[in-house]
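Subject: Handover of a structure

Dear colleague,

Please find below the structure that I am handing over to you. A written account of the findings comes after it.

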Amino acid sequence: MTPLRWPATDPVAGRVRLRAFRDTDLPMVLDLATDPYVPRISTLPADADEAAALAYIGRQHGRLAEGRGFSFCVALTDDSAAVGTAGLWVDDLGHGRFRGGYTIAPGRRGHGLAGDALRALTAFAWTLEVAHRVELYVEPWNVASLRTAERAGYVCEGLLRDHHRIGGAWCDMVLLAALRPVSGG
Ligand SMILES: CC(C)(COP(=O)(O)OP(=O)(O)OC[C@H]1O[C@@H](n2cnc3c(N)ncnc32)[C@H](O)[C@@H]1OP(=O)(O)O)[C@@H](O)C(=O)NCCC(=O)NCCS
């Protein structure tokens with residue numbers, strides 16, 4: 001039985017909130033599917049058509065019940081428009097370990113929205129009693145993602161050689177992590 005519950009209120013940071021996906025997020029998902037990298041690291045097919053994009057949205061609703069974790073749509077706080085995705089994925093509950101992930105649709109990039117989304121995702125993680133550590137795995141060339149992680153307070157812990165297989169090739173990964181803040185004081 002998963003001890004994880006969907007948040008009663010949307011996690012918010014800066015200009016974004018994390019909410020459940022809606023079918024009306026379709027234009028954002030179609031935009032995301034045009035990115036050369038996102039389909040390589042997710043179940044979103046490259047250049048997805050409407051049916052494939054809606055199927056992707058539908059799959060996200062099942063992730064928590066499957067015990068996989070939280071799949072959020074990143075939306076603007078002012079008009080709730082979808083701008084990307086953020087996932088908090090179960091790695092090892094026994095050791096309090098989760099994995100974070102984020103994307104911003106190509107048409108919405110360049111404004112640091114992933115940083116806001118990651119801050120909201122990380123703060124949400126600390127509302128989960130079981131969570132102690134959130135890890136990010138980032139390819140060394142992905143400067144925007146590395147910068148996003150560091151700006152959100154993640155600390156680089158090293159380079160993992162041939163750690164992920166992406167698109168049929170072994171890829172080195174930079175490991176970054178955030179630890180549950182020490183409470184009290
Ligand atoms: C990574 C990603 C989420 C960042 O989206 P974003 O919030 O729009 O990112 P921005 O373009 O605002 O850039 C974030 C930071 O990186 C910096 N940056 C971006 N591209 C850069 C580059 N080529 N060289 C140096 N710095 C760069 C920006 O200046 C900004 O830094 P700042 O906060 O100091 O101003 C987005 O590029 C994306 O969705 N990429 C594909 C999916 C992906 O790689 N996800 C992460 C997997 S680990």
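The notes below cover the ligand site, the salt bridges and some individual residues.

This is a predicted model, in which local features need pLDDT of at least 70 and side-chain atom pairs count only at pLDDT 80 or more, while totals for chains, interfaces and linings use all residues. Residues are numbered from 1 along each chain as its sequence is written, and side-chain values use heavy atoms, with hydrogens and water left out.

I begin with the ligand. The ligand sits in the largest pocket. A pocket here is an open set of points on a 1 Å grid over the protein atoms alone, where a 1.4 Å probe fits, with protein on both sides within 12 Å along at least five of seven lines; a molecule sits in a pocket if more than half of its atoms lie within 2 Å of its grid points. Around the ligand there are 20 residues, the closest being Tyr102, Ile104, Gly112, Asn142 and Arg147. A residue is near a molecule if one of its heavy atoms lies within 4 Å of it.

At least two residues of this shell come from each of strand S5 (97–104), H3, strand S6 (133–138) and helix H4 (143–151). H4 gives the largest share, six residues. Helices (H or I, at least four residues) and strands (E, at least two) are DSSP runs, numbered from the N terminus.

A polar side-chain atom of arginine 109 is 3.2 Å from a ligand oxygen. For glycine 110, a backbone N or O atom lies 2.9 Å from an oxygen atom of the ligand, and for glycine 112 the corresponding distance is 2.7 Å. On its own the ligand has 960 Å² of accessible area, of which the protein covers 69%. Such areas come from the Shrake-Rupley method with a 1.4 Å probe.

Next come the salt bridges. A search of the whole structure gives eleven of them, each being a side-chain nitrogen of Lys or Arg within 4 Å of a carboxyl oxygen of Asp or Glu. One of them joins arginine 119 to aspartate 116, with the closest N and O atoms 2.7 Å apart. These two residues are three apart in helix H3 (residues 113–125), so about one helical turn separates them. Aspartate 116 is buried at 5% relative accessible area, whereas arginine 119 is partly exposed at 36%. Buried means under 20% relative accessible area, exposed over 50%, and partly exposed in between (1.4 Å probe, protein chains only). Arg15 joins Asp116 and Arg119 in a network of salt bridges.

Two further salt bridges may be noted. Arginine 17 and aspartate 10 meet at 2.1 Å, N to O; arginine 17 is buried, at 18% relative accessibility, and aspartate 10 is partly exposed, at 29%. Glutamate 66 and arginine 68 meet at 3.7 Å, N to O.

Finally, some individual residues. Glutamate 135 belongs to strand S6 and is buried, with a relative accessible area of 6%. Its side chain makes a polar contact of 2.7 Å with that of tyrosine 137; within protein, a polar contact is a pair of N or O atoms within 3.5 Å, one able to donate a hydrogen and the other to accept it, and residues adjacent in sequence count only if both atoms are side-chain atoms.

Most residues other than glycine have a negative phi. Aspartate 47 has a positive phi, near 50°, and lies in the loop between helix H1 (26–32) and helix H2 (50–60).

With kind regards

How values were computed
1 Å grid on protein atoms, 1.4 Å probe; cavity = no way out; pocket = protein on both sides within 12 Å on 5 of 7 lines; lining within 4 Å.
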